[in-house]
Structures are given as structure tokens and as C-alpha cells.
Amino acid sequence: MPSACSLIPPVNPTVIVRDLTKVFYDDSRGELRAVDGINFDCRPGEIFGLLGANGAGKTTTLRVLATILKPTAGRATVMGHDLATAPEAVRRSLGFSSATTALYPRLTARETLDFFARINGCPAERVGARVEELIDRFGIGAYADVRVDRLSQGMKQKVAIARTVAHDPPVLIFDEPTVGLDVLNALDMQKLIAAFRDEGKTILFSTHIMSEAQKLCDRIAIIHQGRIHACDTLASLRAATGLYYLEDIFVHYVEQSRSQAGESPASTSCA
């Protein structure tokens, strides 16, 4: 049976996912169902979290929604645009950032923001002002004219997030955005993501840090072996399981799915 996420109230969801499936083929292992018929909706002003162990399917899901990968089956829309029939419109409607998001090393931070604002459709007459807004908001003025390859990891991550929102999209996808950051930079990143939510943007968020999910996410989907096994607010997940800590709730659902599939219990590493 396809897994289903608790659907949101009828408030014009910005992201709609129905029976989304992604299959890979491996010469030695055959068919690999990385995403196996998942369903969920996201609304404006919400941080929707995907929590799963290594290989659970969360990054594949986010890359399909970002049109980096094509789905094998099912469908999804972003701001009413279908992934299969209107991928360019989908890309204009969202920003995608991951821990591995590449930056051009020879461009300065300012040149990076200028470039990504232009290629994502920001009006030419608006680009200069938009770049300055981003430099100010992300606090990168001190190194705005420094080449990216000379920046620290924390500085690079700020530039990467700033370039993700250069065209001011309504939907943002963050795949483990604080990986490799120190505590202070990670907290700054969390504040920025929360601020985007407060501005009414739809945010899909993946993290391996339970405290981040607990602090930021309005709803959390627990994904294992390509299927969503629980999806609700943290309060509702606590009520359903009788458990308080998110890591315990996560392990509960993963072990439950393993038991149902006949797998032997094992320790779970979240990623």
C-alpha cells in the first residue's frame, strides 16, 4: 500500500505529492525503489521536515521535487506547476540548497548572487538592488567581493543559501543545510530558515540533527525504505507513540516498519 502523509486543511497547498515513486536500476542489486509511492502536501508558512536514515529516500524525494531527477511514477506539483509537464516553471518557483550545493570558486560572493538572480529570472533592473538586499540580510558585506574559493565553510554556506533565494521563490528546499557548520553558524542558518517560514514561504527541510527538526519543523514525516510511515506535528507524534523525544519517536517508527517487513532489529543512524 502506498504510504500517506496526513493531509493539510484546504488552504491551497503549494506542494502536492501523489504516489511519487523513483526507481533506480543497479547491475548487481536489480531494482531499487528509492521512493515508493509517497503522498504529502505542504502549505505556505510551513516547515515540512523529512527525517530518515541513510538511504531512506528523503534526498531522492527532494531532488525529484527540484527537477534534478525525474520521477518513475506518480506526480507532483509546485505552485500548480507539474514536475513532468512544466519543469521550468517548477524551477522558477523554488530554490534548492543542499550541503553539497556547488558554488563557482572564481566568482566573488557578489558576482555569485548577481549571476543566480539573473539566470532565475529576476528583472534586470531589479538585480542590483536585490543583490544588495541579500548581502545585507545574510551579513556577508565584509566578504562580498572575496572569491568563493577563499571563504570559510560557514561563509560559503551563507552565500549558498543567499543564492538559493536570489529570485525570491515561494518554495524553498533545504537538504541538510547545516552540515559542516559550527554551532554559531548553524544557529544563524536555523534563524534564517525560520524567518523564511514566518514570511509565508513553504519550506521542505531535511536534517540528520534531531534537535533541528524538533525546533524548526511544523510537521515531520518519517521516511524509511522509500515510504512515509508517520507524518504529523511533533505534538501529535508524541501523543500517538507515548514518547517525548523525537529520536525515540523516530526509532519507534523505523523499528515498527522493520518488524512489519520481517527485518531483524538493528540500531538506526539518522541522516
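Reader: Thanks! What makes the pair R110 and D145 a salt bridge?

Author: A salt bridge is a side-chain nitrogen of Lys or Arg within 4 Å of a carboxyl oxygen of Asp or Glu. The closest N and O atoms of R110 and D145 are 2.8 Å apart, so the pair meets that definition. The two residues come from distant parts of the chain, with R110 in helix α3 and D145 in the loop between α4 and α5 (153-164), 35 residues apart. Helices here are DSSP runs (H or I, at least four residues; strands are E, at least two), numbered from the N terminus.

A word on the source: this is a predicted model, in which local features need pLDDT of at least 70 and side-chain atom pairs count only at pLDDT 80 or more, while totals for chains, interfaces and linings use all residues. Residues are numbered from 1 along each chain as its sequence is written, and side-chain values use heavy atoms, with hydrogens and water left out.

Reader: Which residue forms a salt bridge with R110 at 2.5 Å?

Author: That is E132, with 2.5 Å between the closest N and O atoms. This pair links helix α3 (residues 109-119) to helix α4 (residues 124-137), its residues being 22 apart.

Reader: Why is D145 called exposed, and why is R110 called partly exposed?

Author: The cut-offs are under 20% relative accessible area for buried, over 50% for exposed, and partly exposed in between (1.4 Å probe, protein chains only). D145 has 54%, so it counts as exposed. R110 has 26% and is therefore partly exposed. E132, at 42%, is partly exposed too.

Reader: How many salt bridges does the structure hold?

Author: There are 17. Another one joins the side chains of R33 and E31, at 3.3 Å from N to O. R33 has 40% relative accessibility, so it is partly exposed, and E31, at 44%, is also partly exposed.

Reader: Why are α5 and α6 called roughly parallel?

Author: Their packing angle is about 10 degrees, and the axes lie 10 Å apart. Axes are lines fitted to C-alpha atoms, for helices over the stretch in contact, and angles run from 0 to 180 degrees between N-to-C directions. Angles under 35 degrees count as roughly parallel, over 145 as roughly antiparallel, 65 to 115 as roughly perpendicular and the rest as oblique, so α5 and α6 are roughly parallel.
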